[in-house]
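Welcome, and please open your viewer for a short tour.

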Amino acid sequence: MKNISIFLFVFTVCMIDNVYGVNLLKGEKSTLYFRNGLSYKKWLKVHCKSGNDDMGTHYLKPGGIDYQFSVYDNVFGGTLIWCTLSKGPDYKVSSRFDAYKQNNDNPNGISYNYVAKDDGIYHSNLVEFKLHKKFDWNRRY
């Protein structure tokens, strides 16, 4: 009887997801946006990962289209996305940082905007609209 109850619960959750597009096992959706704001027609390399996924390497041309992707919070907590942004010849100047860290006690909004500029990485979200410098560039040798 216990096995049938578990089966019916899982089946119901799956049906709700398929019929209504609501997944009870997913948390809030957040979207990360990356923009190339570098001068002198420099390209920007963006590579983001989580504990489960590698979003791949993306090259953003100057004045081109933003790169974006969405993540869902883990209902049990702990969602973390870290990114490496690189610039310059052979992309030897970079900045690696936590682009999204789930915080159920203090939500930061559903939109995270990162703009790479010559002097560092700038950030804003729907809670704080104004761009502010958050990370510096580091040189790899």
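Begin by selecting Arg-35 and Asp-66, which form a salt bridge whose closest N and O atoms lie 2.8 Å apart. The term stands for a side-chain nitrogen of Lys or Arg within 4 Å of a carboxyl oxygen of Asp or Glu. This pair ties distant parts of the chain together: Arg-35 sits in strand E1 (residues 26–36), while Asp-66 is in the loop between strand E3 (54–60) and strand E4 (67–74), 31 residues apart. Arg-35 is partly exposed at 44% relative accessible area, and Asp-66 is partly exposed too, at 26%. Here buried means under 20% relative accessible area, exposed over 50%, and partly exposed in between, using a 1.4 Å probe and protein chains only.

A word on the model before moving on: it is predicted, so local features need pLDDT of at least 70 and side-chain atom pairs count only at pLDDT 80 or more, whereas totals for chains, interfaces and linings use all residues. Residues are numbered from 1 along each chain as its sequence is written, and side-chain values use heavy atoms, with hydrogens and water left out.

How many salt bridges does the structure hold? There are three, so two stops of this kind remain.

Next, select Asp-118 and Lys-42, whose side chains meet in a salt bridge at 3.6 Å, N to O. Again the pair links distant parts of the chain, 76 residues apart: Asp-118 is in the loop between strand E7 (111–117) and strand E8 (120–125), and Lys-42 is in the loop between E1 and E2. Both ends are partly exposed, Asp-118 at 33% and Lys-42 at 29%.

Then move to Asp-136 and Lys-133, where the N to O distance of the salt bridge is 2.8 Å. Asp-136 is partly exposed at 47% relative accessibility, as is Lys-133 at 38%.

Now pick Ser-50, in strand E2 (residues 44–50). Is Ser-50 buried or exposed? Ser-50 counts as buried, with 15% relative accessibility. Beyond its neighbours within four places in sequence, Ser-50 is in contact (heavy atoms within 4.5 Å) with Leu-80, Ile-81 and Trp-82.

Helices (H or I, at least four residues) and strands (E, at least two) are DSSP runs, numbered from the N terminus. Of the 141 residues in the chain, 32% are buried.
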